[in-house]
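Hi everyone, thanks for coming. I'd like to walk you through a structure, so please have a look at the sequence and the model before I start.

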Amino acid sequence: MVASGPPDTGDVDPDPGATGPQGDLPEAAGRRLASGSFSSGLTVPDFAACLQMGLRPVGLVQGFCVMQWGWYGAGSQYMRGMTPFGFGGDAPRGVYSESYSCPHGGFAYSNEHRIWGQNYQQPWVEAAWAQGFGSAYSRMVEEAGAVGAHGVIGVVDTTRHLADMNVTEFHILGTAVVVEGAAAPPGATPWTTYLAGQRLAKLVEAGYMPMSVVAALASVRVWAYCVTEMLMEGTLSRFGGNYLPVSEVEQLSRAHMAARSLAREHVRSQLGNDTLQGALIVANTQSLAQGDEVIECALRGTRVRRFKDFDPMDAPRPTVRLS
Amino acid sequence: MTEPIDLRAEMRLAADSLGKPAHDPPSRAVTSDLSVDEGLLLHSIGWEAVDVVFGASVVSIPPMVWTWGSGEIAPASDAHNQAVRGAAKTLGEQCSHVRGHGVVGVRVEVDVQRHHVDVELTGTAVRPVRGKDPNRAFVSDLSARDFTLLHNAGWAPIGLAFGASFVYAPRRSMGTTMRQSSQNVELTNFTEAMYAAREAGMEHMQRSALDMGAQGIVAVRVSEGPMWFANHAIGFTAWGTAVRLEAESHQYLRPEVILPLDDAVVEFEAQSLR
C-alpha cells in the first residue's frame, strides 16, 4: 500500500490574495499563514542556501492525522477471509502469503503442536498507515498551496503513539517556498522534498529536480509452525528427543525479506521511471504472543527526476587537513 | 577551472521542467539509500545507483550450548557465520537480479539471542554507467566515498569478510580462587579465553576473505563482550570488506595538504545572563 505523491489539490487557489488562504484549513492555520510574515523550519545555513538558490520561504506548513488501529484477531472484519487452513489459497490476488505444514504427523503428538504456520502480508495495516501518512501529507501540501508556494523543502515526518491508546499520530512539516522567476508547478500542486540547504543545491546542480516525498509501509504477520517454534525457542524435537542442529529458520528469514521487498515494491509503484533519492529504511519486529509476530518495514525518500543531460562532476581532489 | 554554476538559473530551469516530459528517463525506477554527496561521488567515477537491496537470515542455535563448558562454543559461532553468509548471499543475488555490479554502504545489523542469530543487511546496488553485466556481484560495507577512494587507488572490493567466535569464560578451581583472592595476579585462564575468542574470530574472517580470492581486508570492525543472557560466555565478532588489487599496481592518490583558516565559533550562552 502506498502513501504520498502529490495529491490532487487542483482546486486550491495558488494565489491567496489579500484575503488570506482559501480552502478548508483550520482557522488558526489560515490566520497564521495570512499574517504576512514568513516562518521556516530551516536552519540558518539551510536558510542562506535556500535564498542563494532563489527559493523564497513563505511559511512553515504542516499536516496532521491521528489514526486508530483496529483489532485484527480471528473474526475481525480485517481478516479478509484468510483462514488457518487456507494454506495461502485464500489470500487476495497479489498479496504475499505462504504456508508451512508440520512434518511430524500433526495432532498425533499434542493439541498444542503447531501443525500449521503462515506468513502473510497485512494490506489493511498498510492501507491504514498509507491513509494516515497520506492525509497528513495532503494537508501539508494544501497549506503550501494556500500560500501560493511552488514547493516544500526540508520536510520532516514523524509518527508517534499517543498516550496509552492504540492510536498513532502522523505529523509532517516543512518550509513552503516560491522559486523566484519560475512558473507555478503543474496544477498548482507544490513539489516536496526531504532535502534542504546545500544538499538540495547539490541535487539541483547534479541535474535532478525533486518531485515529491514518497513513503510506504509493508507489514508481514508471522504465525510460527512447529519447526520454527522449536528452532526459535530451543525446544526438543518431538522425534527421538534430539535437539535440532544449527539451521536456518526459513519461515522467519523469508518473512524478513518479504517485508523489505514489499516496502520497496510499494515505493517503486509510485516512482514511474524516476529515482528515489536518499531512501531511509526502518524495519522492526513486534512480538504479539508466543510464535506470533509482526515485521514492519517503512521506506521513505524523495522522488527526483533528471531535468538535464547526465553531466558528472569532475573527480574531486583528495585533501589532507593540517590543524 | 570550470565556471561556477548559476544556482538560481538552475533552480528555475529545474522548476520549469516539471510541466515537461522527463529528460532521458531510466528504463525502470531507481532506488538508492545513498546521500546526495555519495551519489555525486559515484557519478564522478562513472558509476550509478541501481536499487536498494536487502539480505536477511535467521539461524537457530541449539539449546543448552550456553551452559558451562570450556573452549569455543562452536554451534553459536557456526550459527553466526551461517547467518551472515546466508544474508550476504541473498544480498548479492538481489544485486545481480537488478544487474548491479556490487552493493556499497551495506548496513550490518546482527542480533545474537539465546536460541537464534538474526542478520539483516541493507545496501544500494551500483554499477558502471552503461557497463556490462558482471560475473559476480560484490558486497561491501564501505561507504560510497570509501568505495570511490578504493576504486581510484586501483583496488576493488570482493565481498564482506566476517568472522565470529563465542567462548566460555573459564572457571577457576575453588583452591585457586582462594589462593588468588588476596593477590594482584593475572588470571591467565581469562587472558587465554579472550585470546582464543579473538584469534578464532579473526581466523574465520580471514578464511572467508581468502575463500573469495581477496588479498586483504580493509575497514575491519570488531565488537566483543559478554552475552546479555549468559555472562559467562564472551562473543567476539569481526568484519570488514575483502579487497583485491585490480590495477597493475597501487595508484597513489597524492592528496593536497590544506590548512583551514577558520576561527573557532563563539556561541552566545543565554545561561550566563542568569
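**Two helices to begin with**

Let's start in chain A, where the axes of helix α2 (residues 44–52) and helix α4 (residues 197–205) come within 7 Å of each other and cross at roughly 35°. Please keep in mind that this is a predicted model. In general, the angle between the axes and the distance between the axes are what we use to describe two packed helices.

Which residues make the contact between α2(A) and α4(A)? On the α2(A) side they are A:Pro45, A:Asp46, A:Ala49 and A:Cys50, and α4(A) brings A:Gly197, A:Gln198 and A:Ala201. Sorted by class, the residues of this contact are 4 nonpolar, 2 polar and 1 charged.

**Chain A as a whole**

Stepping back, chain A has 6 helices and 11 strands. Of its 323 residues, 47% count as buried. If you take the contacts in chain A with a separation of 6 or more, 73% of them are between residues 24 or more positions apart.

While we are at helix α3 of chain A, one residue found in it is A:Ala128. Is A:Ala128 buried or exposed? A:Ala128 is buried, because 20 other C-beta atoms lie within 10 Å, and 20 or more is what counts as buried. Leaving aside residues up to four places away in sequence, A:Ala128 touches A:Met67 and A:Trp69. For a sense of scale, A:Ala128 and A:Val222 are 94 residues apart in sequence and 19 Å apart in space, C-alpha to C-alpha.

**Where the chains meet**

Now to the two chains together. The contact takes 61 residues from chain B and 70 residues from chain A. Several elements of chain B supply at least two residues each to the side that touches chain A, among them α2 (36–44), β2 (47–60) and β4 (116–128). The largest share of that side comes from α1(B), with 9 residues. By class, the side of chain B that touches chain A has 32 nonpolar, 17 polar and 12 charged residues.

**A sheet and a helix in chain B**

Staying with strands, chain B has an open sheet of 3 strands in the order β6-β8-β7, with antiparallel pairing. Its edge strands are β6 (155–168) and β7 (216–227) of chain B, and each pairs on one side only. From one strand to the next, the twist averages 10°. β7(B) and strand β8 (residues 230–245) of chain B pair over 10 bridges, and B:Met227 has B:Ala230 in β8(B) as its bridge partner. Helix α6 (residues 188–211) of chain B packs on this sheet and touches β6, β7 and β8 of chain B, with its direction making about 150° with that of β6(B).

Elsewhere in chain B, α3(B) has 24 residues and reaches 34 Å from its first C-alpha to its last, close to the 34 Å expected at 1.5 Å a residue. After α3(B) comes B:Arg99, whose phi is positive, near 65°.

**Two alanines to look at**

A:Ala188 has a phi of about 55° although it is not a glycine, and A:Ala188 is found in the loop between β6 (167–179) and β7 (191–192) of chain A. B:Ala219 likewise has a positive phi, near 55°, but the place of B:Ala219 is in strand β7 of chain B.

How many other C-beta atoms lie within 10 Å of A:Ala188? There are 17, so A:Ala188 is partly exposed. B:Ala219 is partly exposed with 15.

Notes. Residues are numbered from 1 along each chain as its sequence is written. Chains are lettered from A and ligands numbered from 1 in the order in which they are written. This is a predicted model: local features need pLDDT of at least 70, side-chain atom pairs count only at pLDDT 80 or more; totals for chains, interfaces and linings use all residues. Helices (H or I, at least four residues) and strands (E, at least two) are DSSP runs, numbered from the N terminus. A residue is buried if 20 or more other C-beta atoms lie within 10 Å of its own, exposed if 12 or fewer, and partly exposed in between; C-beta atoms are placed from the backbone. Two residues are in contact if their C-beta atoms, placed from the backbone, lie within 7 Å. Ala, Val, Leu, Ile, Met, Phe, Trp, Tyr, Cys and Pro count as nonpolar, Asp, Glu, Lys and Arg as charged, and the others, Gly among them, as polar. The expected span of a helix is 1.5 Å times one less than its number of residues. Two strands pair if DSSP finds at least two bridges between them. Axes are lines fitted to C-alpha atoms, for helices over the stretch in contact, and angles run from 0 to 180 degrees between N-to-C directions.
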